[in-house]
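Work through these exercises with the structure open. Each task is followed by its solution in steps.

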Amino acid sequence: MDGQALGWLGLAGLALLLANWKVLGYRLRWALAFAGLALQLRYLAWRGLDTLVFSSPSVFISLALFAAEIYSFLQLILFYFQVARPTSPRADLEGLPCLPEVDVFIPTYDEPLEVIERTAVCCLGMDYPGKTVYILDDGRRPQVEQLASRLGCRYLTRPNNRHAKAGNINEALARTSGEMVVIFDADHAPVQSFLRETVGFFSDPRVAFVQTEQHFYNPDPFQHNLLLQRVFTNEQDLFFKGIMPGRDRYNAAFWTGSGAVFRRRALQEVGGVRPETLTEDFHTSLELHSRGWRSVHLNRVLSAGLSPESYSGYILQRVRWAHGAFQTWWRANPLFRKGLSLGQRLCYYSSIHYFMFGWARMVFLLAPLAFLLFGLMPLRATPLELAIYYLPQMAVIQAVFPLLSGRRRLMPASDLYETALCFFQAPAAVKALLFPRSGVFKVTPKGERRQRGQFDLVMALPHLGLALLIGLGLGLGLWRLQHGLADRNATIINGVWAMYNLFLALGVLLVARELPQRRRAHRLSVGLPCEVEALGATLSARTVDFSEAGASIRLGAGSLPPVVRVSIFPPGRDSVRVAASVTHSEREGDGQKVGLRFLPATASEKEALIRLAFGLGLAWQAERTPRVGFWRSLGYLAMLPLEAVPSWRAQRRRFPRFSLNLRAGLEGKGGVLRSYTMDCSLEGKGGVLRCYTMDCSLEGLGLVVRGQEAPGRGQPVSLSLGESGNAFSFAGEVAWAAVSGPWVRLGIRLKLREEQRPLWARRLARL
């Protein structure tokens with residue numbers, strides 16, 4: 001290897017080292033970004049001049065691959081253009097002569113009632129005097145009307161579902177009169193200060209709408225099914241927290257469907273929400289900007305909603321977005337639309353250009369297979385040439401991308417997202433281009449629950465087929481290489497490339513393996529002081545996470561009864577007090593972690609819990625972007641097959657077991673066995689046996705007996721604990737049994753009568 005090659009590879013290594021330097025300055029980041037673009041231009045020039053294959057039929061795959069690389073280069077330039085100069089606007093109500101009347105719209109179709117209730121309660125709780133909340137029900141469900149009546153919302157519906165969400169909103173616009181209109185999806189709950197932090201921007205008469213930063217409080221399918229929630233951010237964070245603030249610099253931030261405040265007059269000027277495309281928000285924003293209206297993107301999380309909770313829901317949503325983007329291309333092409341600035345044209349075009357990735361990604365996935373299976377050459381180069389031309393530019397771009405995205409994304413993660421979508425998105429794009437009037441609006445499923453894990457075979461079929469073809473291609477390539485039937489350099493290049501594609505395909509298959517989602521309300525990670533009232537005592541604790549349905553708390557050692565009262569103290573707000581049942585408990589250091597299910601006795605208690613969980617925004621205000629370093633992030637991605645397989649975990653006990661130094665006895669046919677501890681006698685089919693205790697809790701005991709004397713699993717037993725004359729007797733059942741040498745360990749599930757529970761709890765507290 002000559003000195004020039006070593007120099008280029010040294011540059012690649014230096015870039016990757018700088019990628020992990022978290023304090024890299026703004027100017028140095030952009031210097032690296034432009035260096036990466038220059039290196040990529042050098043690579044593309046070499047590709048176009050020296051590596052293209054023009055012999056038939058390889059010419060088709062070779063030119064398609066080169067076109068896909070040019071597409072990726074243009075997409076990278078558009079990304080840099082959009083994130084270069086983000087804004088951070090702020091406004092208050094002082095600039096307004098009077099507070100305008102605000103109509104709050106919650107369009108819904110088939111979302112679960114608890115999802116709609118959460119949003120409606122938070123909308124009613126917004127700190128703004130002149131607001132009216134409307135639930136726009138396109139499902140025409142009586143239970144939704146009853147919910148609106150109970151909460152104090154206005155209920156609007158219509159006889160048909162023409163134009164889906166856009167038609168639903170336009171119908172409501174015709175039947176209401178507020179100067180401002182706020183639109184929330186049925187799953188997006190706002191914080192109390194939402195209107196006070198947004199309406200002030202309308203002191204500028206040119207502002208048509210204010211779009212707030214969208215936040216998703218549940219893990220997306222990639223985070224959830226790959227168990228990477230603590231490592232990577234939500235897949236949509238790069239756009240909402242990185243790209244949209246940059247687009248605001250060019251007055252090109254668009255309405256993203258929820259969490260936006262509109263000036264009614266601006267909407268009326270463009271004929272309401274545009275119904276001609278499946279992306280009514282994108283199309284409406286384009287119309288407003290082309291007529292000279294201004295938009296504001298407020299990069300503050302003032303509402304939070306649900307991202308798709310399943311792989312199929314994710315595919316459904318993104319295919320709809322792609323279809324709508326190309327419909328907009330035909331109906332209101334931003335490159336030729338009158339009234340747009342150059343920055344607006346480029347930003348809007350970028351949103352459409354992005355959805356062409358399906359074709360490019362399919363080329364990247366299939367190109368090495370063309371050689372391994374059919375001998376078609378996608379490019380003509382040696383491994384050393386690729387190391388000199390490809391590796392430096394790729395290393396610099398891989399290093400700079402997470403820095404410019406606020407460490408919200410690695411490029412291999414983007415490759416995984418695109419691989420998951422490409423086989424579904426590319427046909428949708430073709431359909432939209434050929435038949436722009438086609439397509440039906442399909443609502444993304446929300447509030448999904450799964451009691452068991454499942455594998456979505458239908459959605460995984462393309463990637464399963466891809467993985468099998470890659471395996472076949474690799475095997476065939478090795479066989480040809482061993483028998484001297486294939487070019488060695490081409491086999492090495494395409495083999496390594498195919499192995500990376502196999503890694504992506506396997507990652508998608510793991511995403512398609514849906515893990516259980518049993519909770520009806522996602523828990524929000526936030527620590528708040530709380531108190532637990534139990535057995536006449538008040539215990540100090542702190543929340544680990546909570547929702548309106550339940551919470552996990554940490555508190556000191558001790559036994560809790562099945563039902564307790566919990567008081568939670570949010571900062572600067574009144575406390576929320578509610579009854580809760582103990583669902584499980586685990587020992588944790590010197591204390592315990594307890595799971596609670598809230599038991600609100602009244603509607604006002606439930607609404608107070610919803611406002612505590614969502615109306616204050618405590619969880620997302622405290623949330624921080626994971627700052628996992630470049631190399632560590634790559635390590636997590638490389639270990640996906642291992643990281644994504646959940647380990648078997650013992651079922652959590654409802655109450656923690658505490659080790660006790662007790663004398664115990666178990667009476668049975670075999671006589672009495674004396675042990676080292678306190679008397680415990682257990683009576684079953686075999687008579688009365690002696691044993692000794694290992695641990696005990698409010699609802700269970702761990703005992704040890706001689707193997708030949710042990711009762712079987714599921715056998716009902718009677719127990720007596722304590723010294724003679726001071727014994728405590730109760731019934732139980734053998735929950736499990738484990739042999740340990742000549743002894744058998746038994747898990748006893750207690751069956752206490754109602755009057756026995758407080759007596760047993762007090763005895764445990766003394767022990």
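Angles over 145 degrees count as roughly antiparallel, and angles under 35 degrees as roughly parallel. The model is predicted.

**Exercise 1.** Classify how helix 11 and helix 13 run relative to each other.

*Solution.* 
- Take the ranges: helix 11 covers residues 280-290 and helix 13 covers residues 342-354.
- Their axes come within 12 Å and cross at roughly 165°.
- The cut-off is over 145 degrees. Helix 11 and helix 13 are therefore roughly antiparallel.

**Exercise 2.** Find which parts of the chain the salt bridge between Glu197 and Arg300 links.

*Solution.* 
- Check the contact: the closest N and O atoms of Glu197 and Arg300 are 2.6 Å apart. The salt-bridge limit is 4 Å.
- Locate the partners: Glu197 sits in helix 7 (residues 194-198), Arg300 in strand 8 (residues 294-301).
- They are 103 residues apart, so the pair links distant parts of the chain.
- Arg300 is partly exposed, at 28% relative accessible area.

**Exercise 3.** Decide whether Asp545 and Arg523 are buried or exposed.

*Solution.* 
- Asp545 and Arg523 form a salt bridge, 3.0 Å from N to O.
- Asp545 lies in strand 14, and Arg523 in the loop between strand 11 and strand 12.
- Both residues are buried.

**Exercise 4.** Identify the helix that gives the largest share of the nonpolar surface patch.

*Solution.* 
- List the members: Phe455, Leu457, Leu461, Leu464 and Leu468.
- Together they have about 460 Å² of accessible area.
- Helix 17 (residues 457-482) supplies four residues, the largest share.
- Leu461 belongs to helix 17 and is partly exposed, at 47%.

Key. Residues are numbered from 1 along each chain as its sequence is written. This is a predicted model: local features need pLDDT of at least 70, side-chain atom pairs count only at pLDDT 80 or more; totals for chains, interfaces and linings use all residues. Side-chain values use heavy atoms; hydrogens and water are left out. Patches are made of residues with over 30% relative accessible area and no salt bridge: like charges are joined within 9 Å, nonpolar side chains (Val, Leu, Ile, Met, Phe, Trp, Tyr) within 5 Å. Accessible areas come from the Shrake-Rupley method with a 1.4 Å probe; for residues, only the protein chains shown count as cover. A salt bridge is a side-chain nitrogen of Lys or Arg within 4 Å of a carboxyl oxygen of Asp or Glu. Helices (H or I, at least four residues) and strands (E, at least two) are DSSP runs, numbered from the N terminus. Buried means under 20% relative accessible area, exposed over 50%, partly exposed in between (1.4 Å probe, protein chains only). Axes are lines fitted to C-alpha atoms, for helices over the stretch in contact, and angles run from 0 to 180 degrees between N-to-C directions. Angles under 35 degrees count as roughly parallel, over 145 as roughly antiparallel, 65 to 115 as roughly perpendicular and the rest as oblique.
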